[in-house]
2 protein chains.
Amino acid sequence: MNQFFIDPSAVEGNRITVTGDNVNHIANVLRLRKGESVQLVEQLSGLTYYADIVSIEPDSVVCEIQDVQSESRELPVAVTIYQGMPKSDKFEFVIQKAVELGAVRIVPVNMKRSVVKIDPSKVDKKCARWNAIAESAASQSKRGVIPEVSVPMSFEDAIADAGKCEAILLPYELASAPVSEKDGGSSEPLSDMDRTRSILNELRSHEVKSLGVFIGPEGGFDITEVDRACEAGAHIITLGNRILRTETAPIAILSWITYLFEK
Amino acid sequence: MNQFFIDPSAVEGNRITVTGDNVNHIANVLRLRKGESVQLVEQLSGLTYYADIVSIEPDSVVCEIQDVQSESRELPVAVTIYQGMPKSDKFEFVIQKAVELGAVRIVPVNMKRSVVKIDPSKVDKKCARWNAIAESAASQSKRGVIPEVSVPMSFEDAIADAGKCEAILLPYELASAPVSEKDGGSSEPLSDMDRTRSILNELRSHEVKSLGVFIGPEGGFDITEVDRACEAGAHIITLGNRILRTETAPIAILSWITYLFEK
């Protein structure tokens, strides 16, 4: 069944009046007809209405509510992805997949090794496009909220922004540094993976409600960025022994968070 | 540093002679020159040679070994992805990402709801292309082996093939069935996620060495396929409360396996 997001004000009694871009999508793109069923998700509350179309007008579609459910598809932890700005098609891919996997917010970050710099005069247009991708992905994966894609930030602004999260993670290629150096040469050093699992288990057992994850761009983080994130309290983790592309890393960490936190 | 796969026979004393397609790639695509360093991974052993280019000929590149390492980037469990045949571009994406995330083999499976049927006369050409994508992804993510993409199989053949694995997983949308029905109405039923975590933890504590994972195509599994897989001993699991696309599901499960099994 096709899902659309609606504003709480669209609901009146047992009727829902769909307006805006969704009307064209329902009537002309999907060519739905009177009597067909749709799933309408109320923003903010995440309430899902199962409704039948009763009339299609040029600028509105009126539906009759058949059933309502409050089943949540949201992760119990609000994850923000701070994505080192990659090439355009990769960023769009990250938005789509991060939304599919439960992120609530995606922040493009201009990092030292980002090859793409967004022309300031085009930020508004880009941002509108990114948010449209997020909305479409949220509909397709039947999310209860539309994740927001924010305007691009500097690394420093992103660190300040992430300060609102209960914890910050930063996956980084640690494998090259000898374990003894990282753990102060203790006799039984943990592997990078064991250390990472221990950090994530700790966060889960504390039931943190918000997590910020920093992802390096194609060329990776500059070491000064890693140091700065550490100062701000970020946990440096590994994503395993293979080298992941910048657009794969957010998918991997969101999958891990799902595995650990999902009820 | 650029990585290439070499045959064990390419190594002789402290010299390695690179031949085949890699020569053109090194000399004309990447335009590497004498004195530059490359990483050469010996197939089967996974040994990594760090070597400097000493000469570039029209059909060979000779390198001098500077260092050799046996550091493994392979997962401790051999994962085969049995992917319900999706549209062509999605399958190529699955190959790239599955290789990046550590799968050792990818098997395209013709499932009931697969919309794409491969023309038998084109199988050889398709297969060559898929394996080239796997090799390129293996180089980029510095894998020690080149995962194989097999010829497309029927569902029944895939089930027989997966019989060689120590365990079989099949992610399926369970969320719609009431939990009480699935657990025989026990008083404290596990959630789908808890049940899934318990299955995966069991497999990890038994240190299984091989895992087959069945992924449904765009339209999902047909219920008869799920039943057949159950008969063959597959564990039915959930990948969380959101609906994942067919090409996202293998990435999510490979990420979970990395989280659980990586040393």
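In the predicted model, chain B contains an open sheet of 6 strands in the order β1-β4-β5-β6-β3-β2, with mixed pairing. Strands here are DSSP runs of E of at least two residues, helices are runs of H or I of at least four, and both are numbered from the N terminus; two strands are taken to pair if DSSP finds at least two bridges between them. β1 (3–6) and β2 (11–12) of chain B each have a single partner strand and stand at the edges, so one side of each lacks a neighbour in the sheet.

Within chain B, strand β3 (residues 15–18) runs antiparallel to strand β6 (residues 60–69), and 4 bridges join them. Ile16(B) has Cys63(B) as its bridge partner in β6(B). Helix α1 (residues 21–29) of chain B lies across β1, β3, β5 (48–57) and β6 of chain B, at about 160° to β1(B). Angles run from 0 to 180 degrees between N-to-C directions of axes, which are lines fitted to C-alpha atoms, for helices over the stretch in contact; contact means heavy atoms within 4.5 Å.

In chain A, 6 strands form an open sheet of mixed pairing, ordered β1-β4-β5-β6-β3-β2. Its edges are β1 (3–6) and β2 (11–12) of chain A, each with a single partner strand, so one side of each is left without a neighbour in the sheet. Strands β5 (residues 48–56) and β6 (residues 61–69) of chain A are antiparallel and joined by 8 bridges. Ile56(A) stands opposite Val61(A) in β6(A).

Residues are numbered from 1 along each chain as its sequence is written, and chains are lettered from A and ligands numbered from 1 in the order in which they are written. Local features of this predicted model need pLDDT of at least 70, side-chain atom pairs count only at pLDDT 80 or more, and totals for chains, interfaces and linings use all residues, while side-chain values use heavy atoms, with hydrogens and water left out.
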